[in-house]
Every structure is written in C-alpha cells, then in structure tokens.
Amino acid sequence: MGIPRFFKLLAERYPLALEIAGSKASMKYDNLYIDMNGIIHMRTHDNGKTEAGTTWLKMSQNICEYIETVFDVVKPTELLFLSVDGVVCRMKMNQQRSRRFFKTKEHPEGEGFDPNCISPGTEFMEYLQEKIVAFIDRKKREDLLWKKITVVFSGHRIPGEGEHKVVAYIRDTYHESKKKRHCIHGLDADLILLTLLTSMPQFSILREEMTQKNERTGRFHFFHSHIAREYLSLEMGIKQKDKGLNPVVDDLVLVMILFGNDFLPSAFSLLDSFDDILVLYGAYHRRVKKNLHRRGRIDWAVLSGFLEEVAAYEKTLGMCKALGLQPPEKFASYKNLEAKLLEKDKKGWISLANILLKKQSQTLFPTFITKDVLSDLRLSTKLTNTVVLNVLKLNGCPTERADSEVKRLLKQIEKIPLIEDMSPEAAHDLMWSVIREARYAQKDVSRDNTNNYLLGIHWICRYYFEECPSWTWYYPEHYSVFITDVSASLFQLLSKNPNKTDSELTNTLAHGRSYTKDGPLSPFTQLLGILPLPNKDLLPAPLQEVFTALPEYYPTTFAVDKDGKKAAWESLCLVPFVSIPRIQAEVDKRISRVSETDLARNRLDTLRVWAKNEEEMRSISLEFSPISEIHQVITAQSKHAALSYIPSLFAKRVFGKMSKIARPKFGGERKRMVVSVKPCVGLSAVIDNWNKNPRDKGPKWLYSGTHTYAGFPYLVPCRVRSIHHPKARFQVKKTGITEEAVEEAVHLQGLRGFEKVARDLFKDHGIFIQERESFAICEVNGEEVICALETLVCSHYINHSVSH
C-alpha cells in the first residue's frame, strides 16, 4: 500500500510492537504466510543491486533459499502458505501501469533483468512457479519439519494480490484461525493494515532489517500487529471490550486511505500529516461516539462530519504552505492558527488573492501576473516577498523564475485595492479557493470527481473488509481532489437525500459509474493493460500486434510528476488510461493464433496443497471450496499452550502518552508512545505485606517453584531470586522468603545496574519506570538479570486474567 514510510513510522511510534527475531521472548507460530512478490523482486534485481546477466535458474534458486531462510526463522508447526500476486483489479492495474512505464523511462537501455516480467502470465513467472513447486516437493520428501506441516501454494494464475489471498483464507476460516498464532512475511505496508483488520488475537509481520542506506543486514524483526492494536486503542483513549474485533482500528484503516494507497491518488495536502490526523480522529470519535463504517459498510453521515474536520485542517495546512509559514508542532495550535494568519498580513494577501482570482478566468498564469492585469489596480499596502514568492511557486511559477517575478511584481505594484467589507473568514476562504483552483488547473483535474473519490473510498472499504466489489471499476484521474471539495460534495448529497439509507446513498453517489460484481481479467489482457511498448516481447507473438493496433495506449514519451513525493519510484507517469473492452476485442481477434503452450499461461490455475505427513501434491480447483478442503488437513487447536502474550494484561497495566524522541532509531519520525506500566501486583504486595507481618513467608506461588514471567508484554518464564528494597533485601528460597540486611554500598551498586536497565527500557521500548528504588534479580533461561517490577507478571495474575 502506498503509505510512505509507514512501517518506520509505526515501529518508531509504538516501540513495543517491534521485536528482534530469535530473542528469548520470540513467540512460536502455527501458521506462516509468505507474500512472495517482495521476495521475487528482492532476489531477482533488488532495485538494480543484482548483477546483470544472472540466469533464471540462479534467480529461482535464490528465491527458494530465501523461502527456506524465512521458514527457519519462524518454524511454523501447522501451515506454510506461499502466495504470489495474480491478476489484480483495475484500480490496482492503473498503479502497476504507471510503475512499469516508469521503469522503462528510468532504464531505457533495457540491460540486465527486466522486473516488468514479474507479472502474471509471463514466461518467467511460469518458469519460476515450476521451480518453486519442485522445491516444495523436495522439502516435503527430505525435511522432517516440512513433513509435519501442510504447505499451500497459490500461484500467479490465481487472481488476487498475494496478501489479499492470504487474508481471504484467514477470513474464511475465522473461527479456527483465531485459535492460532499467525506470522506473515512481506514488505508491503498494506500488510500492517491487513493484519490489524483480520482481528486475529496474535498476528505478526516478519521483515528483514534495513539500514539507513536501505541495505539488508540479514537480521529479522517481528512487528506484532496485536500490540500495535493495543497502542492504537491506547492513543485514541478508547477502550474496547473485545480486543479482537475493534471498530476503532477498522476506522483507522479508512482514515489511512487518505494518506496513500494503491488504488486512489493520495490527498495532496495530507502527505506529511499522519500524526495530526490520528489526533483529529481520536477527538472526533470521542465526541460523536460513532464509527465511520462497520466492517466495510460506510456510515455516510458520520464520515461527512469527520471529513468536515479534515477539510478545516487541510485548509489551514494549505494556507501555511502558501504563505511559507512553518506548521505548528502541536495539533491544538491549529485551532487558533487561522486568526494568526489573518492578523499577519491580512490586507496584503487578501488583495493578492483577488488578483490571482481575476487572472484565474484566463489561461493558467502564462506570465504569472502581467502589467495588463494590474494596470487598473491601486496600491494601499505592501506585500511581503515571502507571501508573493510562495503563492507564485504554488501557482506554477518555476523556482528559477520566482525571485525575478517577485521583484518585478513588487516594483510594478504600489497600491492594491482593498475589499473593506470582506470579513477575515471570507478572505481566508477566498485565498484557499484560489490555491485549490490553481492546482486543479495546473494538474488538469476536474473537481467534479469528488463523487468518484467518495465512491473510491467505498470501494476500498469493501475490498479490505469483504471482497473485491468490482474488478473493472476505477477512479478516472491521475490526481486526487481536495478533501475540502470531497467534504462539500458529500454534505450536499446528504442534504438533498436526508431520508435515504447508506446503500441508497451509495447508488446515488455513483451517477452512472456504479460498479457491479464482475470477474477478473485474463493474464494476457492484464499484461496488455499494464506493459509499455518495450515489453511487448513478454506476450505471445500474435498478441504483440495489439500494441500496433492501439498505439495511443502505449506512448514512448510521457511526463513524469513527483507531485510532492520524496522517492523517485513514487513518481506518477502521466500515461493515458486504457479501455479494457477495446483491448479485449483486439485480443479476441488474435487469441486463436496463440500456441497451446502459450495459452497455458493464460488459464486459471489450481491451488497446490501438500498435506501434513504426505509427500504427494494435490490440486484443488477454485470452482469448488478450496478453503474447506485445505482446512481438513490442518489441526484446529494451536499446539502452543504456553502464553507469551495476553491482551488483558496490556489493557489492565498500561497507560501512556505521546512523547518526542531526540534520536529516533529510523530517522525522520519524532513521536512515539511512551508507556508507564503498573508494577507487578504480586511482588509489590510482598514488600507491603512484609512491613506489616515480618514472619509471613510470602505467597506460595513465589517460592514454591511456580514461575513468574519476565519481559512484559512478551512473557518468558523466570524465577525471582531476590527483591531489593531501599531498607532490605528479600531472598526468595524454596522454603519461603527471608529478609536480609544489605550494605548501603552494595545496594547503591545494584541501583546503578538497575538505572541502566531503566534507561534501556525507555530508550528501546518506550517503557518509563517511575519507581526506581526497588527491583528484582531473576533467573531467565539460566542467567541472572536485573528486572524492573513493572516488567514482571506473576503466575497467579496470569491465571486470573485468562480465566476471566
């Protein structure tokens, strides 16, 4: 999903959600899913890092070796599900088309491996599928761990994105899957949202560690979505009774659509505003106490109210950019920012807005602001260079010309006519209107697409929470409209149709462009819809003629627009949208001349399943019920009885707030949730009770051999050896607890060690230890370590939490 730097943002914001693979607290997993396309790209070209001339055989071996590496890190005990991207919906195809055209623009010489062949229906993908199937066959025969599990392979000729095919399996087996522990390997930010919305109690994402220079280290991290879900609820200040089905987290999936996705263009003004939108949503939800949607079914009235607030925020943020002002660090400051803007240079920028508005009726500022436009104007105030410079740049003036234009403009204009009767609010609206109209004109976007944008949001919600509502519908623009205009359009729709249900409003919204339930395209038709002319050899010879028959769809020269994005690969290729019916008609004329060998690449495939303790592969047709057939060979109950994470403990023991980070681990993002954890109830009681009754041996669970657990919220069995208090040390022995006097020097030495532990907990995990006078010495995996009482959980408390 196209949310820039989303993983880094969440990992830095919610540090306890990130865990190093192989650590002592690492969870055991029942099911492992691998989104194969990330591995395929990484082990074939890795963004140009792979040497040119590497053979297909070597690439396939590299891919299989990496599958084996991931398997060895996770060691699933029930299921391995390998999923390759198949044919995708039209909304996704437009993004794929832009990226494939960009690759030919970036590397026109065509040397080395061409990643555009990593598309369903190509010879390379068919070759790779054969090699992966042969690899699985061999592992099922030779490897004991592979023999003990079920392996499922969903290839490139089974429709759907790889990660969505995985989620479809989990959704269809929900009652069985919620009893298991799941792990998925993949690099797509989409996986974070998908694992959140599956509502599985324990679901982790495995990723390889990357350096600041985007180089792989060979180490792996788990990102625990179940912990991130706890953090999100904590940050929103909303407690849910059911820790799995959380409508607040479901809402946030919709909110994140505004920041980037693979289907709709991102809202331009909100590219760098994730922190503030989270705060805005949290405040809105606490006020209205309603959700934006329920499992994909949008409540349009509630969404309208939320979009109104986003629009007000977008307007203020847009004004800051236009006037060259630094947005305030705290979101609350936006409440009063409009008044400050109006006070700053009210007369100057109101008048400038009027000039630009007059010019707007002509062509888009060909000379930006000319003598003719200003000849009848009278000056009454001076405009600052910064205001004029930023507005000129915003309205399309090249940077190299902007400075000279400012000097010329300020020299020409001595007085500007003022609109004395214009209120500050009206002046603010006028300027914001000019900014929006200028962008629409510059990008050649029609604001009439607001209804299409709303329909696109509805499409994405259905896609994520149910299934693909239409394989052929798409948003017909390269750029988004402003949320201000989307909000106004939705408000108008609700005003005109006050008594209609949400489904009726959706139909009214469509205006003839409603989507209907249909099926996926064939691999060859999709290839003709996404590939540029230099890649025509990836298709059978007869179908290469389509490139000549429809040349308008395959331009060799086209514009590339970064449009505020930071990375080059995020650039937008302004190529025309294709007509699938026209392409299909040309395919139908020529498909009879395609050889039978090539036609095999265009046919719907079957799921390949290797059952537990079986070496023979079975094929399952999608026309029947593949999910139920797969599930017949998978154990329903998780083998892992040991509890390494308990949601109720997080909810009962943690409170937190956002804090700035001086030196973030990944760079860029500078906010994270700092949590304070209540000390272990049982161990705190030991100290309190001892002062009241020194002869008490203490609770039996502590000294009788029953383990406590360390490493909150990842529970590792440990044994408490001693509890250190400013006045005494309590030794925990098999016969009970005894108090020992401790020298002050020895206690101070222990406190220094504990202080380092407390600093590391805050630095690495965002856990703030408030009480630093008492600590415990514990035995964890045979080693003695210093532990904060806040990071320990007693067995009695665990049993109580689970039973209730």
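Which strand do two bridges join to β15 (residues 671-677)? The first close-up has the answer, and please keep in mind throughout that this is a predicted model.

**Figure 1. Strand β15 and its neighbour β20.** The partner is strand β20 (residues 767-768), and β15 and β20 run parallel. Within this pairing, valine 675 stands opposite isoleucine 767 of β20. Six of the seven residues of β15 are buried, so the strand is largely enclosed by the rest of the structure.

**Figure 2. Strand β2 and the two strands beside it.** Five bridges connect β2 with β3, and these two strands run parallel. Here aspartate 35 stands opposite serine 83 of β3. Four bridges connect β2 with strand β5 (residues 182-185), also in the parallel sense, and there tyrosine 33 stands opposite isoleucine 184. How much of β2 is covered? Five of its five residues are buried. In a regular strand, side chains alternate between the two faces of the sheet. You can follow this along β2, where Asn31, Tyr33 and Asp35 point one way and Leu32 and Ile34 the other.

**Figure 3. Aromatic rings around tyrosine 33.** A pair of aromatic rings is described by the distance of the centres and the angle of the planes. The model holds 26 aromatic pairs by the rule used here. In one of them, the ring centres of tyrosine 33 and phenylalanine 81 are 6.2 Å apart and the planes meet at 50 degrees, so the pair is tilted. This pair brings together distant parts of the chain, with tyrosine 33 in strand β2 (residues 31-35) and phenylalanine 81 in strand β3 (residues 79-83), 48 residues apart. Tyrosine 33 has a relative accessibility of 0% and counts as buried; phenylalanine 81, at 3%, counts as buried too. Ring pairs link Tyr33, Phe81, Tyr169 and Phe203 into a cluster.

Figure 4. Tyrosine 440 belongs to helix α18 (residues 424-443), whereas phenylalanine 482 lies in the loop between α19 (450-465) and α20 (483-496), and 42 residues separate the two. Are these two residues buried or exposed? Both tyrosine 440 and phenylalanine 482 are buried.

Figure 5. Six bridges join strand β6 (residues 203-210) to strand β7 (residues 216-224), and the two run antiparallel. In this pair, serine 204 stands opposite histidine 224 of β7.

**Figure 6. Helix α4 against helix α22.** Two packed helices are described by the angle between their axes and the distance between the axes. Helix α4 (residues 90-106) and helix α22 (residues 523-530) pack at about 55 degrees, with axes 8 Å apart. That angle makes α4 oblique to α22. From α4, the contact involves Met93, Gln96, Arg97, Arg100 and Phe101; from α22, it involves Gln526, Gly529 and Ile530. Arginine 90 lies over the face of tyrosine 474, 4.0 Å from the ring centre.

**Figure 7. Serine 304 and its contacts.** Serine 304 is part of helix α13 (residues 300-323) and is buried, with a relative accessible area of 3%. Leaving aside residues up to four places away in sequence, serine 304 touches Ser487, Leu490, Phe491 and Leu494. Serine 304 and glutamine 492 are 188 residues apart in sequence, yet 9.9 Å apart in space from C-alpha to C-alpha.

Conventions:
Residues numbered from 1 in each chain as written. Predicted model: local features only at pLDDT ≥ 70, side-chain atom pairs only at ≥ 80, totals over all residues. Heavy atoms only, no water. Phe/Tyr/Trp six-rings, centres within 6.5 Å; stacked < 30°, edge-to-face > 60°. Buried < 20%, exposed > 50% of the residue type's maximum accessible area, 1.4 Å probe, protein only. Lys NZ or Arg CZ within 6 Å of the ring centre and 35° of its normal. Contact = heavy atoms within 4.5 Å. Pairing = 2+ DSSP bridges. Axes fitted to C-alpha atoms, helices over the stretch in contact; angles between N-to-C directions. Parallel < 35°, antiparallel > 145°, perpendicular 65-115°, else oblique.
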